Amino acid sequence: MAAQHFYAQTEIDGIMMAKNNFCAGAIYEYSSWNKYWEGTYKRENLNFGTVSTQKIAFNGNYGITDNLNVIFSIPYVTTNATAGTMAGQKGFQDLSLTLKSLVYEKEIKGNWLSFYVLGGLSVPTSNYVADYLPLSIGLHSKTASVRLMSDYQYGNLFATVSGAYVKRSNIKIDRNVYFTDVMHYTNEVDMPDGISFNARVGYRTSRLIAEAVFDNWTTQKGGFDITTNNMPFPSNTMNMTKIGFNGKYNLKQISGLAIIGGLNHVITGRNVGQSDSFYGGLFYVLDFTKKTKTTTTDEK
Amino acid sequence: MKNNIYITLEKCCLFALLLLNFSCTNDIEESNQQYPQLNPVNPDLLAGTWKPILLTAPDEFAIDAPLAVTTAAYKAEINEIKSYQSNITADQERIIKYWSVGGVLRWNEIMQTLVARHNRPPYQNPDGTYPAPSAANPFANPQFPFSNPPFAARAYAYVSAAQYDAMVATWHYKQLYNRASPFVVDNSIQVLVPKSTLPSYPSEDGALAGVTVEILKLLFPTEIAYIQEKADEQKLYRIISGANVRSDVEAGVALGKKIAAKFTVRATTDGAGAAIGNQALWTQLETNAIAKGETPWRSLDLPARPPMLPLFGSVKSFLMTPDNVVANRPLPPPSTNSPQFLTELNEVKRYSQDDSKENMKIVAFWADGVGTYTPPGHWNAIADAAFVEQNYSEVRWARNLALLNLAMMDAAICCWDAKYFYFNPRPCQADASIKTLTGVPNFPAYVSGHSTFSGAASTVLSHLIPSKTSEFSAMATEASNSRLFGAIHYRSDCENGLLLGKAVGNFAVNRAATDGAK
């Protein structure tokens with residue numbers, strides 16, 4: 001039920017920060033659903049009405065070299081239900097750190113093929129409660145991921161595909177016995193891992209990026225379905241396929257300032273809300289090299 | 001440039017390795033997997049003289065005298081053990097490890113599983129009404145039962161009480177027939193569990209399997225296949241482990257079934273089947289409250305759901321008379337028009353605004369809501385962990401769980417009696433701005449069920465294990481407070497619920513003092 005564990009997608013693109021450049025930004029995202037999948041059964045729940053998640057994420061991306069970037073993100077999340085009695089939650093969620101490396105790049109008749117490897121870690125930054133779905137702000141699991149990504153730029157058009165395996169640590173909940181599909185006499189919950197797949201195509205110049213995105217998250221073995229009229233649980237199988245649109249525009253007037261925005265729609269899922277979301281944000285590039293490099297893209 | 005790529009690749013691989021190391025292994029050790037094999041300090045040799053709960057006497061139901069250990073048929077049974085022991089499979093080892101911790105304990109855990117699996121309110125019809133589970137048609141949607149707290153309290157009580165009576169009868173016949181254990185008759189048999197000094201016929205595990213399967217057919221009819229599989233494992237474990245021969249086990253099963261039949265008859269006539277009430281009654285409850293000048297309880301579920309088991313207060317108790325129930329009914333809650341009501345409502349509102357981690361932790365720990373083993377199940381788990389440390393015999397395990405669960409069934413009866421006698425609204429009905437930290441149950445507020453269950457359970461457990469009195473009462477107080485902290489109960493619901501629970505628990509304590517088990 002928690003859409004919050006899906007990675008911020010900003011790092012899954014074929015763009016590197018140049019060496020010694022630091023890009024800082026903030027993103028606001030609003031996401032809501034009034035229907036969800038209980039296992040495979042799609043339903044509404046009048047006791048929650050519309051469940052919304054608002055997120056303000058602070059992001060940074062630093063170019064260690066032209067081919068190696070370090071990216072971080074930390075969101076502050078607020079949840080709310082429009083009906084029923086259950087109180088919404090708020091707090092700082094998980095800090096994610098990603099090392100992104102451009103490992104191979106080749107020019108083919110003026111077009112560019114590149115491969116990237118991304119390693120990510122995320123850790124909860126507060127003691128928020130995971131076992132309060134669908135209104136908990138996250139799942140409180142530490143994660144480690146490896147993502148392989150390929151990007152092809154053809155003139156001003158591009159396509160990027162990537163896939164990641166996300167390993168999740170066990171979590172502890174505030175109960176010492178709980179029931180999944182069997183009883184567990186422990187406060188520890190085995191969190192199933194996940195595989196993320198992301199594909200995007202669109203138009204890309206150093207001024208403007210406009211892209212369509214397809215994204216899938218598939219929980220690996222160990223998860224289980226929400227049974228009829230039951231409450232969700234952190235180790236549920238939570239699968240989700242969404243489509244969306246992202247845009248990024250680097251302002252002419254203020255060099256280094258970029259505006260981003262986008263929309264996402266969940267088309268199918270399992271034990272998750274069918275959320276619609278939109279987001280917008282601002283990013284600013286600081287150049288610590290004292291040179292006059294101003295763009296965030298490598299010279300293609 | 002190429003070098004750079006290799007260096008970068010190297011860095012990435014290092015990073016990836018680091019990631020793999022970082023993620024800890026997912027193996028979780030669960031507390032009930034660590035329990036030792038049952039090896040009672042005191043075998044309770046005289047338990048055949050203890051007072052049964054429903055049986056008129058330990059020998060109300062007869063079993064055949066066993067065959068002599070010198071017969072060919074008995075020798076064939078010894079050979080069956082040897083045959084199994086010559087080739088024990090990994091699955092059989094698992095079965096032995098699981099069941100040798102104790103039959104009463106394992107069945108209690110299985111009960112907790114069944115309750116949790118079926119503790120889900122029915123999903124509404126398209127027209128906004130709700131279907132009701134039907135014992136006559138248990139597989140229809142919604143499946144029978146909806147094992148909500150009163151149902152669960154009663155189910156735990158029937159299983160525990162029937163098991164206790166079966167154990168008393170078993171102990172009686174063990175003494176009467178005094179048949180030696182297979183490993184005494186033939187010392188070449190290995191014994192894979194601690195050797196019991198008790199006579200072997202009938203088998204206590206056989207009796208537990210027999211009585212429990214039969215009673216659960218009534219309580220969880222859709223689970224027969226799962227339950228039978230567990231029972232078959234338990235019976236097999238006794239034979240493979242060399243603790244019983246097959247005729248010991250079968251005599252136990254036969255005895256257990258006869259005893260269960262008596263409990264089944266009682267269960268079908270104790271009033272629980274009619275506890276759901278009907279529209280006329282639901283309307284009447286509301287009308288009565290309005291006539292008294294009070295704000296009547298209203299369902300906060302959407303769509304509004306009929307109140308949960310309004311006639312459960314009339315279910316026939318094992319330990320209390322209907323007059324006892326009325327005599328122990330708490331004094332009225334503050335009138336919904338009174339200044340004290342408003343004061344208490346404001347207090348709830350203040351708690352609703354405290355979403356500190358410490359507060360949420362207490363609320364979550366004791367929530368025991370939908371999809372869980374319920375508050376009575378929570379207290380069973382607390383009792384199980386405490387009893388394991390005491391190394392009880394099976395008969396004492398059964399007795400002590402029976403006392404606990406009879407008390408919690410009475411807590412359900414008395415609490416539900418009060419809830420529907422007063423029909424008091426929940427805090428977030430009285431003030432819609434109050435948000436809760438756990439789900440609001442679908443029945444009136446006064447008195448708190450968690451508090452009543454916890455008061456009763458801690459009273460009984462403290463009597464059984466006096467050295468843990470302060471621990472059990474602290475838990476009961478915290479469980480009770482959790483409902484105020486979670487903003488779903490007023491202070492008077494919690495405090496008076498705890499008091500009611502203690503009063504109810506004393507009926508079980510009085511029985512414990514006179515059942516011959518001291």
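**Figure 1. Burial and contacts in chain B.** Of the 518 residues in chain B, 58% count as buried. The model shown is predicted. Take the contacts between residues at least 6 apart in sequence: in chain B, 85% of them join residues at least 24 apart.

**Figure 2. The fold of chain B.** Chain B has 19 helices and zero strands. Its radius of gyration is 26 Å, close to the 24 Å that the globule rule gives for 518 residues, so chain B is as compact as a globular protein of that length. Along the principal axes, its C-alpha atoms fill a box of roughly 90 × 80 × 50 Å.

**Figure 3. A tryptophan pair in chain B.** Over all chains, the count is 29 aromatic pairs. In one pair, the ring centres of Trp99(B) and Trp107(B) are 5.5 Å apart. Their planes meet at 55°, so this pair is tilted. Both Trp99(B) and Trp107(B) are buried.

**Figure 4. A ring pair that links distant parts of chain B.** The ring centres of Trp297(B) and Phe423(B) are 5.6 Å apart. Their planes are at 70°, so the pair is edge-to-face. Trp297(B) sits in the loop between helix H10 (279-291) and helix H11 (322-327). Phe423(B) sits in the loop between helix H15 (394-422) and helix H16 (427-430). The two are 126 residues apart. Trp297(B) is buried, with a relative accessible area of 6%. Phe423(B) is also buried, at 3%.

**Figure 5. An aromatic cluster in chain A.** Tyr178(A), Phe224(A) and Phe233(A) together make one aromatic cluster.

How values were computed: Residues numbered from 1 in each chain as written. Chains lettered and ligands numbered in written order. Predicted model: local features only at pLDDT ≥ 70, side-chain atom pairs only at ≥ 80, totals over all residues. Heavy atoms only, no water. Helix = DSSP H or I, 4+ residues; strand = E, 2+ residues; numbered from the N terminus. Rg over C-alpha atoms; globule rule 2.2 N^0.38 Å. Buried < 20%, exposed > 50% of the residue type's maximum accessible area, 1.4 Å probe, protein only. Contact = heavy atoms within 4.5 Å. Phe/Tyr/Trp six-rings, centres within 6.5 Å; stacked < 30°, edge-to-face > 60°.
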